[in-house]
Amino acid sequence: MNPMASPRALSEQEIHGRRGRPITDRDATDISRVEELSYELKVHEVMTSDVRVAAPDMPISEVLEILRTNRISGVPVLDNERLAGVISIEDIVRAMRDGKLSALVSEYMTRKLVTVLSYDPIFKALQAFTESRLGRLVVVDENGRLAGMITKGDITRGVLLALQRDYKEEELRRYRASHLFEDIISDRTTLVLRYNIKAQDFIHGGNASSHIKRALLRLGADPQIARRCGIAVYEAEMNLIIHTNRGGILKTEVEPHRITMSTVDDGPGIPNIEQVLQAGYSTASEQVREMGFGAGMGLVNIKRCVDKMEIESAVGKGTRLTMRIHIPEQNSSLQKD
Amino acid sequence: MNLTKIIKVADGVLLTPDIDTDIEIRGGYGADLMSDVLAFSQPECVLLTGLTNPQVVRTAQMADFRAIIFIRGKKPQAETLSLALQEGIPLISSPYGMFELSARLHKAGLPSFESNGVS
């Protein structure tokens with residue numbers, strides 16, 4: 001919190017509002033985030049670097065003791081700093097079967113090493129696990145020296161920690177954003193979001209509205225209010241895409257007590273505003289209708305979602321649509337008390 | 001109703017296997033007109049539609065839908081699929097038409113989420 005802001009206790013509503021807010025569109029993306037993380041996270045970030053080691057001239061019984069006391073299932077074998085192999089429970093079982101627990105490590109260790117580089121992304125390690133069917137891999141640095149060991153458990157733990165970090169960052173982002181209006185002192189604070197919308201750009205249609213809705217949620221708007229704004233601004237954005245000659249500007253002004261959204265374009269303009277406000281009236285093309293738009297419901301929908309809608313238009317000049325939603329005091333953490 | 005059960009009732013194929021289907025769906029809504037969807041639906045439901053363009057995903061996101069089922073075995077465009085993955089909205093394809101699918105889901109206990117105004 002800004003030290004300039006006067007200290008005050010959080011209201012029940014604010015606390016509840018932050019916790020109870022649905023995070024639907026973010027929540028579910030965590031799955032594909034795991035895939036991203038398998039490229040972003042490096043082996044050295046998740047591996048165990050404090051590794052127990054064995055020597056080739058060590059008796060196997062001693063290795064067994066190392067494994068038992070450290071509760072691990074295998075250790076790399078170092079011959080004067082040089083990696084000579086790995087000795088694991090499976091190797092020790094073979095020695096036991098032969099009744100030779102007092103034999104030396106060099107006799108039973110696995111010399112064929114599967115290694116991963118410490119600066120490789122973890123998906124390389126995952127590949128190596130799948131291909132080798134091993135449970136643990138030796139990690140080496142760029143000089144081929146032992147850097148650590150990695151297990152599938154290390155990877156799972158590393159990914160979970162990274163996801164938790166992401167989650168905290170988003171929480172923090174929301175927390176900071178929702179305090180924007182408290183922390184900045186002015187007689188009237190307004191946050192303005194501005195987007196340039198291209199005509200006929202159906203592929204990106206709705207992107208700006210999506211950003212606006214997310215921003216409102218981050219700023220602490222009630223989900224119902226964010227939904228109403230989202231729907232209104234999406235219809236307005238699609239109108240710019242469908243009907244204008246050269247696109248237009250979509251603007252959202254956020255204030256603690258109200259949200260004002262507007263679109264401005266430079267043509268073609270609406271000849272008869274009364275007519276376009278009638279449900280079912282549409283001038284949209286067949287192509288637009290095939291996409292599920294142009295049913296003549298856009299402005300009707302907008303009117304239903306907002307508290308105040310104004311439309312001004314001049315043929316050949318352009319159209320300005322203004323939409324306003326008032327934020328009820330008890331309904332928003334956008335609102336200062 | 002859990003989305004996993006809905007997929008079963010719809011004999012559906014999950015087109016976004018990376019997205020978790022263990023989510024609760026409160027109701028269903030069917031339409032091919034996106035403005036109708038925006039005007040008459042309620043949040044947290046599943047959208048049944050014959051449209052497959054990216055606007056369906058945007059519409060679903062704006063109206064707080066939890067999942068989308070394409071009817072009559074339709075498959076979405078590539079842009080639709082990538083947008084759904086980005087926004088974390090599960091996409092399902094069902095072999096049934098709108099009426100048949102609505103009837104099956106309703107009979108299985110999924111309430112209608114059509115409303116007369118914005119909730």
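The questions below go through the two chains in turn.

Visitor: What kind of model is this, and how are residues and chains labelled?
Guide: Residues are numbered from 1 along each chain as its sequence is written, and chains are lettered from A and ligands numbered from 1 in the order in which they are written. Local features need pLDDT of at least 70, side-chain atom pairs count only at pLDDT 80 or more, totals for chains, interfaces and linings use all residues, and the model is predicted.

Visitor: How many helices and strands does chain A have?
Guide: Helices (H or I, at least four residues) and strands (E, at least two) are DSSP runs, numbered from the N terminus. Of the 337 residues of chain A, 33% count as buried (20 or more other C-beta atoms within 10 Å of the residue's own, with C-beta atoms placed from the backbone). Chain A has 15 helices and 10 strands.

Visitor: How are H11(A) and H12(A) oriented to each other?
Guide: The axes of H11 (residues 207-218) and H12 (residues 223-243) of chain A come within 9 Å and cross at roughly 160°. Axes are lines fitted to C-alpha atoms, for helices over the stretch in contact, and angles run from 0 to 180 degrees between N-to-C directions. An angle over 145 degrees counts as roughly antiparallel. H11(A) and H12(A) are therefore roughly antiparallel.

Visitor: Which residues of H12(A) meet H11(A)?
Guide: Contact requires C-beta atoms, placed from the backbone, to lie within 7 Å. On the H11(A) side the residues are A:Ala208, A:Ser209, A:Ile212, A:Lys213, A:Leu216 and A:Leu217. From H12(A) they meet A:Pro223, A:Ala226, A:Cys229, A:Gly230, A:Val233, A:Tyr234 and A:Glu237.

Visitor: What is the hand of the crossing of H12(A) and H15(A)?
Guide: The axes of H12(A) and H15(A) come within 9 Å and cross at roughly 155°, which makes the two helices roughly antiparallel. A crossing is left-handed if the near helix is turned anticlockwise from the far one by less than a right angle, and right-handed if clockwise. H11(A) and H12(A) cross in the right-handed sense. The crossing of H12(A) and H15(A) is left-handed.

Visitor: Which helix gives the most to the side of chain A that touches chain B?
Guide: The contact takes 28 residues from chain A and 26 residues from chain B. On the chain A side, helices supplying at least two residues each include H2 (24-27), H3 (30-40) and H15 (298-305). With six residues, the helix that gives the most is H12(A).

Visitor: What is the strand order of the open sheet in chain B?
Guide: Two strands pair if DSSP finds at least two bridges between them. E3 (residues 45-49) and E4 (residues 67-70) of chain B pair in the parallel sense over four bridges, with B:Thr49 and B:Phe70 as bridge partners. The sheet has five strands with mixed pairing, in the order E1-E5-E4-E3-E2.

Visitor: Is B:Pro90 buried or exposed?
Guide: B:Pro90 lies in the loop between H4 (78-87) and E5 (91-93) of chain B. Not counting residues up to four places away in sequence, B:Pro90 touches B:Leu3, B:Leu14, B:Thr16, B:Ile19, B:Thr21 and B:Ala67. The C-alpha atoms of B:Pro90 and B:Asp20, 70 residues apart along the chain, are separated by 7.7 Å. With 26 other C-beta atoms within 10 Å, B:Pro90 is buried.

Conventions. Parallel < 35°, antiparallel > 145°, perpendicular 65-115°, else oblique. Contact = placed C-beta atoms within 7 Å. Buried ≥ 20, exposed ≤ 12 C-beta atoms within 10 Å, placed from the backbone.
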